[in-house]
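Visitor: Please show me the model, and let me ask what stands behind the words used for it.

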Amino acid sequence: MTTSAAVPTGPEGAITGDGGVTDRLVDANEQYAAGFSDPGMDARPVLRVAVVACMDARLDLHAALGLELGDCHTIRNAGGVVTDDVIRSLTISQRALGTQSVVLIHHTNCGLESLTEEFRHELEMEVGQRPAWAVEAFRDVDQDVRQSMQRVRTSPFLPHTDDVRGFVFDVRSGLLREIDPVQDRSAGSASA
């Protein structure tokens, strides 16, 4: 795995330099483009799969899943939560671009596990306007994966809901752990 450890930083880890991080990214793009040649790919993913995952910077999805450019659609947001906008993207992915499978990936030590809906209220107090979106915070990552699978499977807009699988990526080991879509309720009641 590569990291940006060589980037000069100042107080509290802030990136330093004349133009900041955006200029660094633009410079990197110029180097990339200098050796770029059009791969001649179609917009349709080769593997006909859409991956919904958290935006966490520790998740290198292509490397972790053995994917190459053009293999999949990747949809990322805070928590990898299936929101209305994720359903929108999946609908376009399936209906217009031919995907048939959905892989959902949450991860250990997610920042949404430490937030609550109070975050929205604090934001409203600070800026004077209530966000139209929900935080979608959670305490149990496994249960949130189950909820996300259920949202995909019950969407009336998605024609392909049979191959929907959910996982938790361990940020320490790099391994995926598959989540059973049906929680074993007997195990929970036995320990109560």
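This is a predicted model: local features need pLDDT of at least 70, side-chain atom pairs count only at pLDDT 80 or more; totals for chains, interfaces and linings use all residues.

Visitor: Why is Ala53 called buried?

Guide: Buried means under 20% relative accessible area, exposed over 50%, and partly exposed in between, with a 1.4 Å probe and protein chains only. Ala53 has 0% relative accessibility, so it counts as buried.

Visitor: Where is Ala53, and with which residues is it in contact?

Guide: Ala53 lies in strand β1, residues 49-54. Strands (E, at least two residues) and helices (H or I, at least four) are DSSP runs, numbered from the N terminus. Contact means heavy atoms within 4.5 Å. Leaving aside neighbours within four places in sequence, Ala53 is in contact with Leu61, Ile75, Arg76, Asn77, Gly80 and Ile105. The C-alpha atoms of Ala53 and Gly79 are 7.1 Å apart, with the two residues 26 apart in sequence.

Visitor: What makes a set of residues a nonpolar core?

Guide: The members are buried Ala, Val, Leu, Ile, Met, Phe, Trp, Tyr and Cys residues, joined through side-chain atoms within 4.5 Å. The largest such core here has 23 residues, and Val52, Leu90, Val102, Leu104 and Val152 have the most contacts inside it. Two or more residues each come from β1, α3 (84-95), β3 (101-107), α5 (141-153) and β4 (163-169). The largest share, four residues, is from α5. A second, separate core of twelve residues includes Ala53, Val103, Phe167 and Val171.

Visitor: How do you know that the length of α5 agrees with its number of residues?

Guide: The expected span of a helix is 1.5 Å times one less than its number of residues. For the 13 residues of α5 that gives 18 Å, and the end C-alpha atoms are 18 Å apart, so the two agree.

Visitor: Against what do the buried residues of α5 pack?

Guide: They pack against α3, β3, β4 and β5 (176-179). Among these buried residues are Val145, Ser148, Met149 and Val152.

Visitor: Why is Ser148 called buried?

Guide: Ser148 has a relative accessible area of 1%, and is therefore buried. Ser148 is found in helix α5. Its contacts, leaving aside neighbours within four places in sequence, are Gly80, Val81, Val82, Leu104 and His106.

Note on methods
Residues are numbered from 1 along each chain as its sequence is written. Side-chain values use heavy atoms; hydrogens and water are left out.
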